[in-house]
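Biologist: Could we go through this structure together? I would like to understand how its parts are arranged.
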Amino acid sequence: MGGFTLCGRMLCWLLWGSPLALIGPLNLSVLAAEASQTKPPSFLFLPEKALDGLGYFSSLSLAAKFPEDLEITEDCLKLLLVFGQRYVDLVSCLVSSARPVEVCQNCYGAYSSFNETYSNITSDTMGPKNDSCQESLMHSDRLMLLYRLYSSLQTIWGSAECTSCLTKDHKGLLNSTLNFISSQNSTLSCFEKYKGNHSELCTECKVTYKRLNELYSNLEKNGSLCIDIEDAMNVTRRLWSKNFDCTVKREELVPVIAVSSFMLFLPVIFYLSNFLHSEQKKRKLIHPKRAKSNHSLMNIQDKFS
Amino acid sequence: MTVSHGGQTGRCASTALSADVVRRLDVLKVQSSPVSAMANITKKVSWSGRGEEGTPLLNGSEEVKYTRQLSGGGMFHIGRLSTVDLDEDITPEEDAVRSKPKEIPHNEKLLSLKYESLDYDNIENHLFLEEERRMGHMSFRCLEISRWVICGLIGVLTGLIACFIDIVVEKLAGVKYVVVKKSIDKNTEIGGMCISLILWAALNSAFVMVGAIIVAFFEPIAAGSGIPQIKCYLNGVKVPRVVRLKTLMVKVCGVICSVAGGLAVGKEGPMIHSGAVVAAGVSQGRSTSLKKDFKIFEYFRRDTEKRDFVSAGAAAGVSAAFGAPVGGVLFSLEEGASFWNQLLTWRIFFASMISTFTLNFVLSIYHKKTGELSSPGLINFGSFDLKSVKYNIYEIPLFIVMGAIGGLLGALFNVLNYWLTIFRIRYVHRPCLQVMEAMLVAAVTATVSFAMIYFSNDCQPLETQKSSEDYSLQGFCADGEYSAMATAFFNTPERSVRSLFHSPAGTYKLETLGCFTLVYFFLACWTYGLTVSAGVFIPSLLIGAAWGRLFGIMLPYIALNPSVFTDPGKYALMGAAAQLGGIVRMTLSLTVILVEATGNVTYGLPIMLVLMTAKIVGDYFIEGLYDVHIKLQSVPFLHWDAPATSHSLTAREVMSSPVTCFNRVEKVGTIVDVLSNTSTNHNGFPVIIQTAASEEPGKLCGLILRSQLIVLLKHKVFVERARSRLRQRKLQLKDFRDAYPRFPPIQSIHVSQDERECMMDLTEFMNPTPYTVPQDTSLPRVFKLFRALGLRHLVVVDDDNRVIGLVTRKDLARYHLGKHGLEELHLAHT
């Protein structure tokens with residue numbers, strides 16, 4: 001029994017391995033395709049070459065030798081292929097806009113089509129041969145590669161909080177985001193202009209910088225901040241505060257110290273005047289009478305000494 | 001020792017303290033009594049009015065002893081009591097000496113006459129036994145059920161009060177911080193920081209002024225955390241006005257004002273007091289202040305039941321404050337275990353659980369996550385995640401060192417606060433001065449915080465997610481950064497504690513934490529004892545967390561292998577535990593409270609070790625803060641044990657003697673005279689039987705309380721009227737209960753000249769079986785009896801069951817172990 005399951009598992013591994021091995025060679029082609037077309041490829045539009053490749057690899061794989069055991073149908077294999085392609089699209093987009101962070105602005109299209117593919121796989125529609133790709137692609141092994149790949153990207157996307165910068169249908173950036181980006185650009189160009197003289201920069205660019213800050217805090221209040229905006233703001237702020245040294249200086253040392261020490265001096269006066277003028281509270285002692293009049297503290301102490 | 005129940009029907013000899021002697025003596029005493037006391041007598045006090053505070057009679061101790069000086073150094077022999085002629089005893093000079101009572105400045109070695117004992121021991125007189133016999137099995141079962149219902153109600157109401165405080169404080173503090181933050185942000189840029197400073201100080205002072213005024217002018221007992229008072233109450237001391245509705249109101253409003261006013265205080269201690277008041281109110285089924293009687297729970301209208309419920313209320317308060325139900329039960333056990341009932345424990349636990357649950361539930365609705373029960377207490381330490389929870393065996397010695405530091409700092413705190421409190425009692429005793437002081441402290445707190453933020457250079461990068469809920473200040477930091485000092489100072493203390501526990505390593509710089517600890521230590525020390533309602537738990541935790549974190553940050557610099565000590569949050573927690581333990585010196589309950597508040601049993605051992613060390617080290621120097629304050633309030637507090645070296649004292653030396661007794665059938669005039677005597681405001685009177693012509697003191701046959709006598713006088717239960725009374729209904733236990741707990745003063749009861757000649761039969765109403773001890777019983781034995789049974793009076797008798805003395809709480813509490821062996825406290829009017 002054990003032997004059989006082991007064999008089965010190995011078979012599965014091999015079966016899975018082959019389509020995934022496709023991703024390697026596909027990579028190049030997809031990159032090339034991306035270079036030529038700005039719009040990411042939709043689900044129906046598949047490069048012919050890729051499909052050819054699929055046929056080639058599947059004929060080579062072990063699975064072909066056991067047609068009855070073939071868990072994975074042609075359709076599912078196709079889906080898998082598309083998934084791989086979209087994954088590569090998205091990852092390459094993310095990597096290329098890592099620094100300065102422009103992930104949300106650049107990759108929302110790639111992300112939504114990647115998402116679409118995944119939901120195609122996971123949706124429970126039955127194929128023509130009455131089998132679901134979800135079953136065969138997602139739940140057949142313990143590695144659950146598709147799920148892991150998907151969830152890792154999902155985590156990245158989630159922590160970037162790109163959704164708060166995008167329209168509801170994820171088809172474009174919000175107006176506020178665009179507004180912010182243009183404002184930031186104008187600030188940066190101002191910085192560029194007065195780069196030579198820092199003190200001049202601090203006064204000249206203050207207005208635009210303040211406006212940018214205001215925009216930012218408004219966005220923050222609305223909860224429509226994504227990593228792009230945060231990073232852009234951070235960079236601008238660092239330039240402003242650190243590079244150009246435009247932060248406010250402590251200039252009111254004397255008045256602050258004066259007011260503080262006055263405040264600190266008040267309690268001293270208060271307590272002193274109380275000590276000198278307030279009458280001290282006295283307690284009236286009561287002499288309790290005990291059975292023995294010689295009983296006193298002295299008495300107790302005598303006993304112990 | 002044989003605790004014989006009195007009530008032998010032996011014939012008593014006539015007592016030396018026959019009625020007219022007593023009266024003669026009284027005349028003398030009245031003449032020599034201070035003028036203020038005389039003024040008080042004339043004050044008319046109504047039946048339902050502020051009974052206790054208005055009357056020196058009920059106010060005073062149960063046993064003010066006859067202050068007879070014996071001439072010529074003659075020994076006073078108990079056996080020859082009758083031979084002493086009182087008139088000759090008191091020489092004119094001595095009388096003159098006594099007429100000017102000795103006055104001393106207030107100190108901690110006094111016992112106030114203001115405090116009485118609770119009548120925890122049931123008075124098993126005929127009426128009581130009759131009623132108990134009438135009650136069937138069913139009624140006892142109903143009583144038990146109603147006890148559970150009351151405990152549930154206590155839990156719910158305490159939880160609701162906690163919610164109310166929490167939400168209002170959050171709102172008020174939120175408004176204040178937003179206003180100040182706006183001003184600071186604006187003025188940082190355009191200049192005029194002084195305006196922000198003054199604005200902040202003024203806002204703080206305004207809040208605190210409101211809080212201080214209501215406390216100082218309306219209910220001074222609501223000042224402070226209330227834990228010392230509740231501790232006293234659970235110990236068996238009736239602290240005047242401590243469990244009244246008015247106190248609760250003032251306490252709740254006061255704590256809101258003082259926390260919102262930015263003082264270095266917390267709202268946790270007052271929660272315990274609030275819980276206790278709720279319990280005392282709910283269990284009585286009526287409010288004397290509102291004059292509303294719901295006619296329910298009448299059976300519970302006595303000190304025994306009330307005290308039990310108050311312990312449940314205190315537990316519910318702790319549980320609401322810290323989200324620590326078990327800690328609450330243990331708090332009640334630790335502080336009130338003098339007379340503890342195992343059956344009670346389960347009920348108290350129930351009340352605690354209900355209180356946490358209520359708080360949870362209501363807060364979940366408030367935070368719009370209905371049904372999510374994950375924020376159990378007012379203070380939430382936040383969960384310590386698995387990574388930082390880990391501690392290693394080599395860290396245990398470090399924790400113990402931290403415990404020792406906590407003990408030292410705690411002792412320093414207590415010593416400073418002790419001197420400050422003495423100064424306050426002596427010199428800052430007028431309400432308007434107290435309000436001014438509180439306002440000054442608030443203003444200085446704001447100023448110091450401001451200065452610290454102004455001059456701090458510790459800037460940390462801002463996290464977007466956090467900034468909206470914390471009131472982070474930028475100050476003079478670069479844009480996109482915030483001042484770390486401001487997170488510590490410009491926040492409610494609870495938030496600061498959480499930030500110190502959970503902020504990742506590197507959030508605070510060394511010098512920030514150092515300055516913060518130093519400043520906050522003195523601020524907190526200065527603040528505690530002001531006339532505002534405020535607790536010391538959170539400030540202690542905050543001080544401890546700050547230096548604990550400092551300790552944690554410094555470790556990698558010292559250690560050989562710096563990578564082991566990466567998480568300063570853990571040390572912040574231990575520091576907080578050490579500091580709190582060093583200040584309040586609670587043991588078991590505090591350990592459990594902290595473990596529950598962190599939600600982590602793993603830390604049980606280190607927290608226990610830390611608290612133990614802190615207590616041992618701290619006790620070497622001074623007692624816990626609560627005990628210091630109990631002492632300074634001159635409360636006759638009975639500790640867990642009698643002083644260690646008191647075995648040589650016997651009941652004969654401890655007791656008060658001679659005793660004012662009544663005959664079984666006593667003349668009304670005598671009773672009225674004894675009760676009206678301001679200098680001898682006794683509360684319990686042994687009832688004796690006299691043999692016709694004998695000269696010896698009478699034999700004990702019962703004990704009757706002042707409150708009972710007053711009810712009897714009010715209802716005119718005289719022998720001569722027995723016939724007419726038959727037509728009316730008989731006096732029942734209910735009549736005594738209705739008068740509870742504010743028995744009218746004797747002055748409010750009118751007794752005509754004719755009635756003075758009537759006789760009163762006390763047989764039916766006295767407790768025929770009072771506890772008695774022989775005169776050679778040692779002090780520790782008497783002490784144990786008192787503590788275990790919750791007694792109020794213990795009659796000392798000789799071999800023939802003749803009354804020779806009476807031991808009360810104050811007789812026992814006056815012995816304490818000082819620096820030079822056993823010391824005796826003085827009784828004083830306060």
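Predicted model: local features only at pLDDT ≥ 70, side-chain atom pairs only at ≥ 80, totals over all residues.

Biologist: What share of chain A counts as buried?

Modeller: Of its 305 residues, 26% count as buried. A residue is buried if 20 or more other C-beta atoms lie within 10 Å of its own, exposed if 12 or fewer, and partly exposed in between, with C-beta atoms placed from the backbone.

Biologist: Which domains does chain A have?

Modeller: The assignment gives domain 1 (10-160) and domain 2 (175-243); such bounds come from an automatic or database domain assignment. Seven residues of domain 1 of chain A are in contact with five residues of domain 2 of chain A. Two residues are in contact if their C-beta atoms, placed from the backbone, lie within 7 Å.

Biologist: Which helix gives the most to the domain 1 side?

Modeller: Helix H5 (residues 103-122) of chain A does, with three residues. By class, the domain 1 side of chain A has five nonpolar residues, one polar and one charged. Here Ala, Val, Leu, Ile, Met, Phe, Trp, Tyr, Cys and Pro count as nonpolar, Asp, Glu, Lys and Arg as charged, and the others, Gly among them, as polar.

Biologist: And chain B, how is that divided?

Modeller: Chain B is divided into domain 1 (19-115 + 648-828) and domain 2 (391-457 + 485-632). Their contact takes four residues from domain 1 of chain B and five residues from domain 2 of chain B. On the domain 1 side of chain B there are one nonpolar, two polar and one charged residues.

Biologist: Let us turn to sheets. What is the strand order of the open sheet in chain B?

Modeller: The open sheet has three strands in the order E9-E11-E12 (chain B), with mixed pairing. Strand E9 (662-663) and strand E12 (699-705) of chain B each have a single partner strand, so one side of each is left without a neighbour in the sheet. Two strands pair if DSSP finds at least two bridges between them.

Biologist: Which pairing is parallel and which antiparallel?

Modeller: E9(B) and E11(B) pair in the parallel sense over two bridges, whereas strand E11 (residues 684-689) of chain B pairs with E12(B) in the antiparallel sense over six bridges. B:Ile688 of E11(B) is the bridge partner of B:Asn663, and in E12(B) the bridge partner of B:Ile688 is B:Leu700. B:Gly684 stands opposite B:Leu705 in E12(B).

Biologist: Is E11(B) buried or exposed?

Modeller: Six of the six residues of E11(B) are buried, so it is largely enclosed by the rest of the structure. B:Gly684, B:Pro686 and B:Ile688 point one way, B:Phe685, B:Val687 and B:Ile689 the other way, and all are buried.

Biologist: At what angle do helices H8 and H15 of chain B pack?

Modeller: Helix H8 (residues 137-190) and helix H15 (residues 342-366) of chain B pack at an angle of about 35°, with their axes 7 Å apart. Axes are lines fitted to C-alpha atoms, for helices over the stretch in contact, and angles run from 0 to 180 degrees between N-to-C directions. The residues of the contact of H8(B) with H15(B) divide into 15 nonpolar, seven polar and three charged.

Biologist: What is the phi of A:Met144?

Modeller: A:Met144 has a positive phi of about 45° although it is not a glycine. A:Met144 lies in the loop between helix H6 (133-138) and helix H7 (145-160) of chain A, and counts as partly exposed, with 14 C-beta neighbours inside 10 Å.

Methods:
Residues numbered from 1 in each chain as written. Chains lettered and ligands numbered in written order. Helix = DSSP H or I, 4+ residues; strand = E, 2+ residues; numbered from the N terminus.
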